[in-house]
Amino acid sequence: MFAKAALLMVLLCAASAATAADLADRLRDDSELSQSTAKSLRRLMPVRFYSLLESNAIANSTLSLRSCTIFVPTNEAFQRYKSKTAHVLYHITTAAYSQQNLPNTISSDMDGNPPLYITKNSNGDIFVNNARIIPSLTVETNSGGKRQVMHIIDEVLEPLTAKSGDSDPISNPDALKFLQQAEQLNLDNFNVRTYRNQVTLAKKESVFKSPGTHTFLLPVDEGFKLSARSSLVDAKVIDGHMIPNTVIFTAAAQHDDPKTSAAFEDLLKVTVSFFKQKNGKMYVKSNTIVGDSKHREGVVLAEIVKANIPVRNGVVHLIHRPLMIIDTTVTQFLQFMNENSENGALRKFYEVIMDNGGAVLDDINNLSEVTILAPSNEAWNSSKINNLLADRKKLRQILNMHIIKDRLNVEKIRQKNANLIAQVPTVNNNTFLYFNVRGEGSDAVITVEGGGVNATVIQADVAQTNGYVHIIDHVLGVPYTTVLGKLESDPMMSDTYKMGEFSHFNDQLNNTQRLFTYFVPRDKGWQKTELDYPSAHKKLFMPDFSYHSKSILERHLAIADRVYTMKDLVQYSQESGSVILPTFRDSLKIRVEEENGHLHDEYASHEWTGYVITWNHKKINVYRPDVECTNGIIHVIDYPILEEKDVVVSGGSYLTESTICITLANLIMITVAKLLN
């Protein structure tokens, strides 16, 4: 009795692996091992699982007489486990498998032998169903011809079971029997009657009884509140809810990794992928890459309301709405996604709109074509944003910055982005957003800048009947980075950033005790100087000439006890004819005007009232005004504040006018000093 109890105890802790001798003997004979095991036992041994083993005759018999593999949940796993019953035999299989030899599917020792599925994630972690095997805690024994392996796992394994008291026991059903007998199963009161009816009408039962290992996504009845939605579930839509020949449990799922659905053919191509919010909520999305007259292109999001239900031919996830079906407006999407869910993907965005009076939602609803850049729930977790919420006028402007009066999907952004940066007007007058696309295909990263904030699109192309929703990771118009941080992260200002780095000009731009107004030439502006002054341009970007580069950048940076917006500069110019701004070394005298009918960019297809800077009789267009930062403001300009006479080329080097003046002054001082001596 002592030997069997000791064996069970060792199997239930993270002791060092024993190979040649029985673990019970090792525990009894090796005092050092005994002390180590006792410590591990107190820390890791799941008492509840141990008691389950002790009280289960089949489990006792298996451990006493047979080779086996046992998957043992940790104490923490049991603390998280919500069900009253843990099925010990579902954690045991009557064959010994080390981590390296685990097959893709294992028959458990539970009645009906429901399978356990072994998968790996992108990091190489091994999972049994949704539980990760903790590799360092595996224990193997081999004694008396009996090989036994214990794997410690971080989650209790939960089989599919029937409701208590059901007279017709359900044992190891496939996905079709699951669908047909769902009312008899423990599914947390979710029902799939509507979807089941559509499967029957479409005669697609064969999809659900396909042999092999597949992933099935079943929408629950709650997702069919719209009366016409169920009629849109046709044979192709049903195919789009199955990922063939792949078992995906949520913990092991590679996020945003598109998998080919069963609806993937020449004329219709649909992929499915999983992603997880920071609050732990799991979602699945379909992406109709190639659509047809009945199935529109775009992404459809669905929350997983009950995940990881193992069946004989794979795994089932219950989702809150059907995939592929695009039948709601942008306004309806925001309402349905968030009104009835405390953890909706855009819950905070929706709450802010409603707390502001809901008029923004009415405006969106009145647009025939619209694209929304919707900040994620996490994007609102900022003290600056919380302070802003009380200012309804400012908040309305911020919300409007997230609304575009156009149907703008990734492909359209990419087409606009052919000229490096895509600029798009918002519903705010004279307010533009600037999109940038880096990379191709699934590796593409889309960023958008608005009001000084760079945000990354974390979920694109959520399609609606009248437009798109793109989920972004920051709230636009509420700056969170310094002038230096903005320069470093914005692809349009990379040349100015590089020049400031090797000249150490950038060092000051992180100082939050000062306020900067920085006229930053965009990369295209520096490229124009290469055509105008090729020799000087080359030297501007050479570290050996960093002093001169720094002198030129200093002319672009105003330092004062306030920042100067474009409207401020226009007003001062109207009052005095020009405005003089204090710069690091001297001052900058400019005039700023608004010009009606001025094209914002040579590639733009719209006209607007643009800002133009006049400096030394030279006009410079302002490409992006008023890019706000936490310690200043940036105005992106089309050309550097630079003239040919500023650059003197001699002997393979050049000097700016200011450098020449400084040099002459130093020579004069040296001469005077010598005369005085």
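Quick housekeeping. Residues are numbered from 1 along each chain as its sequence is written, and side-chain values use heavy atoms, with hydrogens and water left out. Since the model is predicted, local features need pLDDT of at least 70 and side-chain atom pairs count only at pLDDT 80 or more, while totals for chains, interfaces and linings use all residues.

Okay, H5. This helix covers residues 57-65; helices here are DSSP runs of H or I with at least four residues, strands are E runs of at least two, and both are numbered from the N terminus. At its N-terminal end there's a cap: a side-chain oxygen of Asn56 lies 3.1 Å from the backbone nitrogen of Ile58.

Which residues of H5 are buried? Ala59, Asn60, Thr62 and Leu63, where buried means under 20% relative accessible area, exposed over 50%, and partly exposed in between, with a 1.4 Å probe and protein chains only. They're on the same side of H5, because they cover an arc of only 165° around the axis, taken from the directions from the helix axis to the C-beta atoms. Over on the other side of H5, Ala57 and Leu65 are exposed.

Let's zoom in on Thr62. Its relative accessible area is 4%. Its side chain makes a polar contact of 3.5 Å with that of Asp109. By polar contact I mean N or O atoms within 3.5 Å; within protein, one must be able to donate a hydrogen and the other to accept it, and residues adjacent in sequence count only if both atoms are side-chain atoms. Leaving aside neighbours within four places in sequence, Thr62 is in contact (heavy atoms within 4.5 Å) with Cys68, Ile92, Thr94, Asp109 and Gln148.

Now, rings. The whole structure has eight aromatic pairs: Phe, Tyr or Trp rings (six-membered for Trp) with centres within 6.5 Å, stacked if the planes are under 30 degrees apart, edge-to-face over 60, tilted otherwise. Tyr117 and Phe249 are tilted, because their planes sit at 35°, with centres 6.2 Å apart. Tyr117 is in strand E4 and Phe249 in the loop between strands E10 and E11, so this pair ties together parts 132 residues apart in sequence. Tyr117 is buried at 1% relative accessibility, and Phe249 is buried with a relative accessible area of 1%.

Then there's a stacked pair, Phe275 and Tyr283, at 5.4 Å centre to centre and 15° between planes. Tyr283 is buried at 0% relative accessibility. Finally, ring pairs link Tyr195, Phe208 and Phe216 into a cluster.
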